[in-house]
Each structure stands twice: as C-alpha cells, then as structure tokens.
Amino acid sequence: WLQMEPQLPLLIGVDMRAKLGLQPSMQHPSVGAISIPCCKDLECTKDHLLEIASFSFDWRRVGRRLLVSPQNIADISRDEPDEPNRREAVLMMWQSQKGSSATYTVLAETFEKLQYGLIAEKVKKMEGKN
C-alpha cells in the first residue's frame, strides 16, 4: 500500500513503483508498501515575509505567538525605527529561528488565532504561489 499523509492507503504495483523510482518501506507479498510525503507544509519565502510585513498587525502579539523570545522582541523594539521595520524584523527573526519549520501553515494559523483573518487568507494564497 502506498501510505500518504494523512494515512490514505492506495494500491500501487511493483512496476509502477519502479517507474516512479520509489523504494518500498515494507514488503507485501504481492504489492509492497512505501511511504511518501504528501501535502508537506512549505517554508515561507523571504519575499513573501516582506510582503506580509507590509500588512498592518500588532507585531509584538504575532512575535509572541510565533515564540520569538521576549528579549528579541525588546531588541526589535529598541533597534528598529518604525512599525513596518519591526513587523519585518519579527517575521525574519521567526524564520531565522525556526528554519524549515517557518511555514505558511504556521503563519496563517497564527494570524487566524489573533483575529487577523484577512491576513491569514492572504498568507494561504501565497503558499499556493510558491
């Protein structure tokens, strides 16, 4: 069985596995089973983070929700001259700290939880353009 997240089994023959260049993770007598990622969260691009930073939102609340440290939030507040630069800095700090875990899904969920529904929708649309 072909195992796809979230656990959707599909049958795939040995010949098709070979054509796709896939290796079985477990052998079934007639078919075999493989696991491949599906619907993986995509990491936010810097260009998209810069665009998101141009939207109006409380960068401190967003930063806290994204687990940017209180010290880093204080540093951004002290070092950045205005709100647009602070929004950009907090998003870049988050991406720097989280690396490949800094995904569109995480960012959209953060904005939704903080009642920024329009921004969350824009973030979701950006993921599709990646």
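1. Start with the core. The largest nonpolar core holds 27 residues. Those with the most contacts inside it are Ile52, Phe57, Leu91, Trp94, Leu107, Phe111 and Val123. Elements giving two or more residues to this core are α2 (46-53), α3 (59-65), α4 (70-79), α5 (83-98), α6 (104-113) and α7 (117-128). Keep in mind that this is a predicted model.

2. Look next at Leu91. Neighbours within four places in sequence aside, Leu91 is in contact with Leu49, Ile52, Ala53, Phe57, Leu66 and Leu107. Ile52, Phe57 and Leu107 are also on the list of core residues with the most contacts.

3. How do α6 and α7 lie relative to each other, parallel or antiparallel? Their axes come within 7 Å and cross at roughly 170 degrees. An angle over 145 counts as roughly antiparallel, so α6 and α7 are roughly antiparallel to each other.

4. Now the residues of that pairing. From α6 come Tyr104, Thr105, Leu107, Ala108, Phe111 and Glu112. They meet Gly117, Ile119, Ala120, Glu121, Val123, Lys124, Met126 and Glu127 of α7. By type, the contact has eight nonpolar, two polar and four charged residues. Leu107, Phe111 and Val123 take part here, and each is among the core residues with the most contacts.

5. The chain has a mean pLDDT of 78, with 68% of its residues at 70 or more. Among the elements, α3 has the highest mean pLDDT (97), and strand β3 (residues 34-36) the lowest (37).

6. Two stretches call for a separate remark. Residues 1-14 have pLDDT below 50, with 27 contacts in the model beyond near neighbours in sequence. Residues 22-39 stay under 50 too, with 34 contacts beyond four places in sequence.

Definitions and conventions:
Residues numbered from 1 in each chain as written. Predicted model: local features only at pLDDT ≥ 70, side-chain atom pairs only at ≥ 80, totals over all residues. Heavy atoms only, no water. Core = buried A, V, L, I, M, F, W, Y, C linked by side-chain atoms within 4.5 Å. Buried < 20%, exposed > 50% of the residue type's maximum accessible area, 1.4 Å probe, protein only. Helix = DSSP H or I, 4+ residues; strand = E, 2+ residues; numbered from the N terminus. Contact = heavy atoms within 4.5 Å. Axes fitted to C-alpha atoms, helices over the stretch in contact; angles between N-to-C directions. Parallel < 35°, antiparallel > 145°, perpendicular 65-115°, else oblique. Nonpolar A, V, L, I, M, F, W, Y, C, P; charged D, E, K, R; others polar. pLDDT = per-residue confidence, 0-100.
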